[in-house]
Amino acid sequence: MPQETLQETIRQLAIKYGLTKAEVTAVIERLFARALCRWYGHDVVAILDEDGLSVNAYKKINGIINQQPIEPLLLRRFLAGKAPRILHRALEKYRTTKEAVTYKRHEHQLRWGDVIGYEPDGSLRVEIEVLPGEKIIAICPNNRLGVHERALIRPGQRRAWHLRRVEPVMLNGTPRLKVTVDRVSKSLTAGLLREKVPGIQGVQCVKRYVGRKSFVEAPVRLPKAAILAVKRELNEHIQVNIIPSRPGYAHGNI
């Protein structure tokens, strides 16, 4: 394959999968190394650069490692159409893993999302934005909803969610990003209050009885409107204990 055609193919794959040319190149190198290692039965190193693809097999003979150049006959099969599925699947898997690493940084944060339907097992399907402008579908299992609201939350509602877990998975042989949310975490209570009073640091929920009461600690008295708004969203009582950061202050309740 001409070098110009190869580089253009790499560029198009990078655009299609939202990766850099360097990342696409690395995936191709690993695929060739793995395939040729199985073919020759020896360790193989593949390098794809501006000069093309060079592949070498390494075999130990009498304690000495010998290097043997390999003609990369599989290149046309991977990039010219006879076996593209392997390459595309590898790029999908790489992209999904990369997304998971990025999204995992936002685990245990608050996100607002719209309920759009149900999974076959009855779990809720929720459309959320983990990253600004990038909507994804998350799943909220029934056991991650409070018993008091399982019959109340329905498609079409916009509710607050705790981003519980992000992980790459294989779904019917295809790499996918699995995002799980819930409404039972005490992080959700704290996150909602912090959203209502962004200028106040140190607000945390220390204990939560879902559907009954959340116990919150804050360094100062919180606005009543903020507490009532969180109470309405979670449909449970909110008790805020004032725990000033400076010594010598007494505890208080509102």
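Predicted model: local features only at pLDDT ≥ 70, side-chain atom pairs only at ≥ 80, totals over all residues.
Helix α2 covers residues 21-40, and at 1.5 Å a residue its 20 residues should span 28 Å, which agrees with the 28 Å that separates its end C-alpha atoms.

**Helix α2**
- The buried residues of α2 are Glu23, Val24, Thr25, Val27, Ile28, Glu29, Leu31, Phe32, Ala33, Ala35 and Leu36.
- An α-helix has 3.6 residues a turn, so residues three or four places apart point the same way.
- After α2 comes glycine 41, which has a positive phi, near 75 degrees.

**Glutamate 233**
- Glutamate 233 sits in helix α6, which runs over residues 224-234, and it counts as buried because its relative accessibility is 12%, where buried means under 20%.
- Leaving aside residues up to four places away in sequence, glutamate 233 touches Trp112, Arg159, Ala160, Arg183 and Leu192.
- With alanine 160 there is a polar approach, as a polar atom of the glutamate 233 side chain lies 3.1 Å from the backbone nitrogen of alanine 160.

**The largest pocket**
- The largest pocket has a volume of about 590 Å³ and is lined by 25 residues, of which Val169, Arg176, Leu177, Lys178 and Val179 lie nearest its centre.
- At least two lining residues come from each of α4 (84-104), β6 (134-140), β7 (158-171) and β8 (174-182), and β8 gives the most, with six residues.

Note on methods: Residues numbered from 1 in each chain as written. Heavy atoms only, no water. 1 Å grid on protein atoms, 1.4 Å probe; cavity = no way out; pocket = protein on both sides within 12 Å on 5 of 7 lines; lining within 4 Å. Points joined across faces, edges and corners; volume = space filled by probe spheres on them. Helix = DSSP H or I, 4+ residues; strand = E, 2+ residues; numbered from the N terminus. Buried < 20%, exposed > 50% of the residue type's maximum accessible area, 1.4 Å probe, protein only. Polar contact = N/O pair within 3.5 Å; in protein donor to acceptor, adjacent residues only side chain to side chain. Contact = heavy atoms within 4.5 Å. Expected span 1.5 Å × (residues − 1).
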